[in-house]
Amino acid sequence: MHICVLCGRTDDCPEKYGEKRTYGEYNLTVHYYCLLMSSGIWQRGEENEGVDGFLITDIRKEVNRAAKLKCNICKKKGASIGCVAPKCKRSYHFPCGIQKECIFQFMEDFRSYCWEHRPVQKFPDKESGGTSQCTICLDLVEQLPLYTVLKSPCCKNAWFHRECLQYQALSAGIFFFRCTVCNNKDNFQKEMLRMGIHIPEKDASWELEENAYQELLQCYQHCDIKRCLCKKGRDYNEPDSKWEIKRCHCCGSRGTHLACSSMKSWEQNWECMECRSIFAKSGNYSKQKKRSLATSEKTDGTTCLLEEPSPKCPRLSPGSQRSFLQSPKRMCQNNSLPCTHLELPASNRVMMSLSPLMSDRNWCLRKKHLRKQRREASNILKELNLQVNTKTSRLHINEENIWNSALKGFRQRNFSPTNTIEIKFTNVKNRSKTDTSAASKHHFFQLLMLHLQNSSLFEGSSAKNLSLDFEAVTEDHYFEAGKMIAVSLVHGGPSPGFFSKTLFSCLVHGPENVKPVLEDVVDVDVAQTIQMIKHANSLSSLQSTIHNCYEFLAASGCLRPITALCDKNMLVNDILFHHVIKRIISPLESFRQGLKTLGVLEKMQMYPDAFSSILCHKPERLSAETICDLFTIHSSSNVNKTGAVNFWMGYLQDVESGESVVTLEDILLFVTGSFSIPPVGFDPEPTIKFLHIKYPVGKRLLNCLELPITKSYKQFKNKMEVTIRNTLRVEREYFC
């Protein structure tokens, strides 16, 4: 392996250390970031000279200079980077600085600051101490001035993990990197550069893909009439003739020849059978459209019957599968209105695509389907919740050691999953804080799910599979983890939301019926081995690759005779199955047994789609509409309900748009003790009452929010923010 001449490491991680470059003619290997941040070298050459303007002779001099300096972190020679703070003499390697949480500013003079003098973000004390969601990965992030946490300079409630921001910056580049909440670019980039985020001067990665949007220029061309009259086939399309294909003007994903539907011209509208049925059920199908149906009959007496062919998805244009966020520029050059088919000659109609519209439609349908499945999962969990009785099991929980204290509580003799759970938080000095409310229980389950997600029991980035931890197998931790997840779901805690599709399928359908994919492999060496086998383009190169990894294949039991190039597919499948499923079969079975608690696994196997929506997907981010739909409004007859409701709705909109010091999660926490809607829902259902009181009151035992009646919206907003902010601040101090 080639060693970087500046840091002395062999690591090849472009995201952390920049591109690793090797120049054989100069016997030189260097990380790009190590070179950029070195204190004694500048770009004295042109871009095409040396290493991006760094002359080879200058690099040699910098290596010699650094060889005399000892790293204050690893204590080895070669520390080429120094802190720029006055009177600070610390030097370090670039990877050591990253490990020690130094700040490297990729701008202007490329300054570096050690861990003691690094810049920190300043924000009022009232904004610190809580938790919110990272707006990129949607996982929890602490609102504290930490190296790993960054706050948006332009939005009050936008917090990020440093790692998430860095990956987004590398992908988006300088032209597309901006605040994910308000879309601000200049102030956001300036602050992120100050805090050490590297924003490369390049176009976004999705813009650099060759023919990235080529499929969006394709148009659906297929006649779906049951009795197609065209002798040249259903896919034949001849513009400006009776054999021109007309697409459904509602969905654009079905078509007909003009002649097959007795249409006299292109200007006539045509709807497919599915869209007609939707209109009919909604009652919005006009008489004019009904008359157009009648014209679908041939004048010679033959009737053109629309088939209801196999599902539409296989015939959708490829572009309709893309995310609506990546739709290309599709506006006319001479005005701001979208081009229509009527504005183009017939020869160009083929190249126009409705797929961006279909992409929006499909995305909305998927989102709507996911919500429907979550509602179904909620109803199922409510049925399972009927098993819970009034007898209590109290758990003594230490937040600083959440796993061991939870494990001890679940294993105590008098614990039963069917008992009502009460939580008693304790500190290290054994002084207790007792709170048996739903807030305490939800706080416990939230911490527990977060710990499991980041524990050694699972592996992967966002979608996780089970890992192989021999100590955990011996201690039966996989069983306890499954049991804890089942109890959390039924008792009103959050869902994990991090299961991979492969893990979920193994639990529901059995491991023998699951085919893992390369994305399930976390081990870099195993993934590279699979890639090399998969991309072997000749029998000799395949056999050579197998020879090089013979020991690995033999140990995993995947050796097989290779007589043809196509045998590599079976070999890849064998390796994937062994690494992802077969080697963790014991932990998987224990985990399944744990999930059987309270009948959760049985329901998962009966309703896989419903449970996939909560186990494989993060909860949907709260919105003003979600909060509004969650609460049922009650008010007495002598209250001006309209004005009070308008204040409430207006306040939710202000909070959602960031014009408030509190968040929607804060409001939910104030009322229910939970900052997210648990899969099982709330019991009792949240309600709102408008009363003649001075300040809002959150009654968590009843999930009831009592709101004051005020003369102006300004008074209403002020009372809400003061009360919610102060109440939650006291609670945070209570749990600290």
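Ground rules first. Residues are numbered from 1 along each chain as its sequence is written, and side-chain values use heavy atoms, with hydrogens and water left out. Because the model is predicted, local features need pLDDT of at least 70 and side-chain atom pairs count only at pLDDT 80 or more, while totals for chains, interfaces and linings use all residues.

Let's start with a helix. Buried means under 20% relative accessible area, exposed means over 50%, and partly exposed is in between, with a 1.4 Å probe and protein chains only.

Helix α16 covers residues 501–509. Which of its residues are buried? T502, L503, F504, C506, L507 and V508. Those buried residues pack against β16 (458–459), β17 (465–466), α20 (567–580), α21, α22 and α23 (608–615). Contact, by the way, means heavy atoms within 4.5 Å. Just after α16 comes G510, with a positive phi of about 95 degrees.

Now the loop between α21 (585–595) and α22 (600–606). T597 is there. T597 counts as buried, at 12% relative accessibility. Setting aside neighbours within four places in sequence, T597 touches P417, K483, A486 and V487.

Next, aromatics. Rings of Phe, Tyr and Trp (its six-membered ring) pair if their centres lie within 6.5 Å; planes under 30 degrees apart are stacked, over 60 edge-to-face, and the rest tilted. That rule gives 21 aromatic pairs. Take Y32 and Y33: centres 6.4 Å apart, planes at 45 degrees, so the pair is tilted. Y32 is partly exposed at 21%, and Y33 is buried at 5%. Now Y651 and F716: their centres are 6.2 Å apart and their planes at 85 degrees, so this pair is edge-to-face. This pair links distant parts of the chain, 65 residues apart, with Y651 in α25 (641–656) and F716 in α27 (713–735). Y651 is buried at 0%, and F716 is buried at 1%.

Charges over rings: NZ of Lys or CZ of Arg must be within 6 Å of the ring centre and within 35 degrees of the ring normal. R21 lies over the face of Y32, 4.9 Å from the ring centre. K719 has its charged end over the ring of Y695, 4.7 Å from the centre.

Most residues other than glycine have a negative phi, and most peptide bonds are trans. Where is the cis peptide bond? It joins D683 and P684, with omega about 0 degrees. P684 is in the loop between α26 (664–672) and β19 (687–691).

K87 is not a glycine, yet has a positive phi of about 70 degrees. K87 lies in the loop between β3 (81–82) and β4 (91–92). Is K87 buried or exposed? Exposed, at 86%. E108 also has a positive phi, near 50 degrees, in a residue other than glycine. E108 is in the loop between β5 (103–104) and β6 (112–113), and is exposed at 66%.

That's the tour. Questions, please.

Definitions and conventions
Helix = DSSP H or I, 4+ residues; strand = E, 2+ residues; numbered from the N terminus.
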